[in-house]
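Here is a quick briefing for anyone opening this structure for the first time. Have a look around, then read on.

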Amino acid sequence: MKPEIFVSWPTLPRQMKQLEDAYTLHRYDQAADKPAFLAEVGPRCTGMVTNGHFHLDAAFADKLPALKVVACSSVGYDSIDVAALTARGIRFTNTPDVLTDDVADVAILLMLAVRRKLLQGDRWVRSGDWGRKGMMALTRRTEGSRAGIVGLGRIGQAIAARCAVMGQQIGYYSRREKADTGYAYFGDVTELARWADVLIAATPGGAETQGLISSAVIDAIGPDGTFINISRGSVVDEPALIAALQSGQLGAAGLDVYLNEPNPDPAFAGLDNVVLYPHHASGTVETRDKMAQLVVDNLAAFFAGRPLLTPVN
């Protein structure tokens, strides 16, 4: 008998075919009557395929009483109650490392697009304003500016390395100082924001970091500063962010993540000093393929009795 797998969020076609060959899949994502489907197949499923957008709490997990392993196709998992899974002895895996470089690239993409006003420049050319009005307004340089990174984990370190190559000074905030980085350490996020020309949020989401980028931090970035977020929308006081962008208290922002996805606050669309990206920092063919394969390989390891490749608990 093949193990039965509950699919709350599908992975890529090539990896789905591998899963179909190895397991009996139950496609909750395709079910018309989800409560009835969960009640029918939930008790039989020993594995689960999901991602970081699916809300998996203790109550939902209780509907899967035979569940032994959850493979999540994302690095972030703040919508999943890992403590509840751990309490039941359910193993949980995510997909770290493989997306580090792509996410760091998007942080730099957003920073440069914001500070050099890429979108405004594109419109300046397309509209004919270049010919009619001459040169567009001057922008801000990168070399010599100060990049403050909130969270110096894998992704934060990859961002810092890219900033260093561009000649930026680097400071960072984390729960504790990291040895031998050569970067300036700040034990207070507001002080880092006050020092930085660009503040980049690269910290994990979840309860511990909720609202970490507060209204005080946003004010400290200032009217000439830039805020970049490639972490989670929950990390930021989003109403305060919008208000500061509207008033000019914050100079500009580049955002890949939002509180309400995929329908962020419509106020963002009316702002000319923000560059918006649809939570797509890891969205390359190569990286998503590696993430999907990690899901397959973690499940294969579990059911073969081998060590998990990327365990969380």
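Predicted model: local features only at pLDDT ≥ 70, side-chain atom pairs only at ≥ 80, totals over all residues.

Residues are numbered from 1 along each chain as its sequence is written, and side-chain values use heavy atoms, with hydrogens and water left out.

- Asparagine 229 sits in strand β10; helices (H or I, at least four residues) and strands (E, at least two) are DSSP runs, numbered from the N terminus.
- Setting aside residues up to four places away in sequence, asparagine 229 touches Ala201, Val236, Gly254, Leu255, Asp256 and Val257, where contact means heavy atoms within 4.5 Å.
- Asparagine 229 and valine 150 are 79 residues apart in sequence, and their C-alpha atoms are 9.7 Å apart in space.
- Rolling a probe the size of a water molecule over the atoms shows where empty space is left.
- There is one cavity of 30 Å³ or more in the structure. A cavity is a set of points, on a 1 Å grid over the protein atoms alone, where a 1.4 Å probe fits but cannot get out, and lining residues have an atom within 4 Å of a point.
- The largest cavity holds about 40 Å³ of space; grid points are joined across faces, edges and corners, and a volume is the space filled by probe spheres set on the points.
- Asn229 is one of the residues lining the largest cavity, and others include Phe227, Leu241, Tyr258 and Phe268.
- β10 and α11 (238-247) each supply at least two residues of that lining.

**Salt bridges**

- Side chains of opposite charge can pair when their charged atoms come close.
- The count comes to 17 salt bridges, taking a salt bridge as a side-chain nitrogen of Lys or Arg within 4 Å of a carboxyl oxygen of Asp or Glu.
- Arginine 140 and aspartate 224 form a salt bridge through their side chains, at 3.3 Å from N to O. Arginine 140 lies in the loop between α7 and β6 (146-150) and aspartate 224 in the loop between α10 (215-221) and β10 (226-229), so the pair ties together parts that are 84 residues apart in sequence.
- Arginine 140 is partly exposed at 44% relative accessibility, and aspartate 224 is exposed at 54%.
- Glutamate 191 and arginine 194 pair up at 2.6 Å, N to O. They are three residues apart in helix α9 (residues 189-195), so about one helical turn separates them.
- Arginine 27 and aspartate 29 meet at 2.8 Å, N to O, and aspartate 29 counts as partly exposed at 26% relative accessibility.
- Asp101, Asp105 and Arg162 are linked in a network of salt bridges.

- Most residues other than glycine have a negative phi, and most peptide bonds are trans.
- The peptide bond from glutamate 261 to proline 262 is cis, with omega near 10°, and proline 262 is in the loop between β11 (252-255) and β12 (274-276).
- Aspartate 97 has a positive phi, near 70°, and lies in the loop between β5 (91-93) and α5 (100-115). Its relative accessible area of 44% makes aspartate 97 partly exposed.
- Lysine 117 also isn't a glycine, yet its phi is positive at about 55°. You'll find lysine 117 in the loop between α5 and α6 (118-126).

**Around helix α7**

- Aspartate 129 is buried, with a relative accessible area of 15%. Leaving aside neighbours within four places in sequence, aspartate 129 is in contact with Trp124 and Gly134.
- Val125, Trp130 and Met135 form a nonpolar surface patch with about 380 Å² of accessible area together. Patches are made of residues with over 30% relative accessible area and no salt bridge, with like charges joined within 9 Å and nonpolar side chains (Val, Leu, Ile, Met, Phe, Trp, Tyr) within 5 Å. Accessible areas come from the Shrake-Rupley method with a 1.4 Å probe, and for residues only the protein chains shown count as cover.

Note on methods: Buried < 20%, exposed > 50% of the residue type's maximum accessible area, 1.4 Å probe, protein only. 1 Å grid on protein atoms, 1.4 Å probe; cavity = no way out; pocket = protein on both sides within 12 Å on 5 of 7 lines; lining within 4 Å.
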